[in-house]
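Student: I would like to learn how to read a ligand site, a pocket and some backbone features in a model. Could we look at one together?

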Amino acid sequence: MKLVILGPPGAGKGTYASRLTKKLDIPHISTGDIVREEIKSQSKIGKTIKQYSEKGALVPDTIINQLLAKRLNKSDCTKGFILDGYPRTINQAESLEKIAKIDVVINLNVSDKIIIDRLSSRILCSECGAIYNKKTLKPKIENVCDICSGRLYQRNDDKPKIIQERLDIYKNKTEPLIQYYLQKDLLKNIYCDNPSCPPKSIVNKILLALEKHQ
Ligand code: AMP
């Protein structure tokens with residue numbers, strides 16, 4: 001199955017995708033993780049994209065399309081994949097269409113209030129990228145990853161001013177994709193506006209939507 005998870009920053013795309021990857025046995029591909037890895041490795045591309053990512057701006061389509069195409073070319077993607085954070089523009093969706101036939105797009109609906117609250121308390125593992133929340137999804141030991149014992153940190157772009165900029169970019173550049181995929185009859189809406197709703201129950205809602213779509 002070739003799946004896209006769409007939703008604003010902080011909607012829980014990474015949290016749900018990391019659970020769905022085990023249930024569906026297909027890789028979870030986060031372009032945000034790919035971008036962070038490139039920056040960490042100090043590659044030529046990493047140095048170019050750092051300036052965009054740190055401001056919360058989108059990396060240019062030509063660069064991100066290339067990084068994604070390279071990842072989808074790997075052998076673990078032949079059975080399918082879960083895309084998290086890609087596409088984010090109509091241009092990216094059109095580029096994706098040329099290299100893969102998407103089966104379904106899950107659109108996560110979450111209010112701005114919940115997003116701002118969630119992102120400002122989000123922390124993640126510097127080693128494996130696992131996501132936690134200082135209020136709702138705490139690690140067993142403070143600032144230590146439950147999975148790999150890596151150090152937990154707050155992303156630079158999860159600071160309040162940058163969160164608002166990322167939400168504005170989402171509304172202008174990414175939201176048009178809802179209509180784009182609706183017209184292609186691929187869109188499934190999932191509503192997650194109860195902040196105390198555990199990730200497991202949203203994942204079950206997504207699995208149910210996938211079953212119905214088949
Ligand atoms: P994320 O972890 O998905 O919020 O992504 C972190 C940052 O990586 C974004 O703020 C962008 O700078 C960059 N990025 C990730 N995915 C994309 C994409 N599809 N298009 C452009 N930039 C992206």
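Predicted model: local features only at pLDDT ≥ 70, side-chain atom pairs only at ≥ 80, totals over all residues.

Student: How much space lies in the second largest pocket, and which residues lie nearest its centre?

Tutor: Rolling a probe the size of a water molecule over the atoms shows where empty space is left. In this structure the second largest pocket holds about 520 Å³ of space, and among its 19 lining residues, Arg-36, Glu-37, Lys-40, Tyr-153 and Arg-155 lie nearest the centre. Helix 2 gives the largest share of that lining, five residues, while helix 2, helix 3 (44-55) and strand 5 (122-125) each supply at least two.

Student: Which residues come nearest to the ligand, and which element gives the largest share of the shell around it?

Tutor: The ligand has 16 residues around it, and Thr-31, Ala-57, Gly-85, Arg-88 and Gln-92 come nearest. Helix 2 (residues 31-41) provides the largest share of this shell, with four residues, and by class the shell has six nonpolar, five polar and five charged residues.

Student: Which polar atoms of the protein lie 3.0 Å from an oxygen atom of the ligand?

Tutor: A polar side-chain atom of Arg-88 lies 3.0 Å from a ligand oxygen, and a polar side-chain atom of Arg-155 likewise lies 3.0 Å from an oxygen atom of the ligand. A nitrogen atom of the ligand, in turn, is 3.0 Å from a polar backbone atom of Val-59. Of the 480 Å² of accessible area that the ligand has on its own, the protein covers 96%.

Student: Is Thr-89 buried or exposed?

Tutor: Thr-89 counts as buried because its relative accessibility is 8%, where buried means under 20%. Thr-89 is found in the loop between strand 3 (81-84) and helix 5 (90-99), and its side chain makes a polar contact of 3.2 Å with the side chain of Asp-61.

Student: Where is Asn-143, and where is Ser-149?

Tutor: Asn-143 lies in the loop between strand 6 (131-133) and strand 7 (152-153), and Ser-149 is found in the loop between strand 6 and strand 7. Asn-143 counts as partly exposed at 40% relative accessibility, whereas Ser-149 is exposed, with a relative accessible area of 57%.

Notes: Residues numbered from 1 in each chain as written. Heavy atoms only, no water. Near = heavy atom within 4 Å. Polar contact = N/O pair within 3.5 Å; in protein donor to acceptor, adjacent residues only side chain to side chain. Areas by Shrake-Rupley, 256 points an atom, 1.4 Å probe, with all protein chains shown as cover. Nonpolar A, V, L, I, M, F, W, Y, C, P; charged D, E, K, R; others polar. 1 Å grid on protein atoms, 1.4 Å probe; cavity = no way out; pocket = protein on both sides within 12 Å on 5 of 7 lines; lining within 4 Å. Points joined across faces, edges and corners; volume = space filled by probe spheres on them. Buried < 20%, exposed > 50% of the residue type's maximum accessible area, 1.4 Å probe, protein only.
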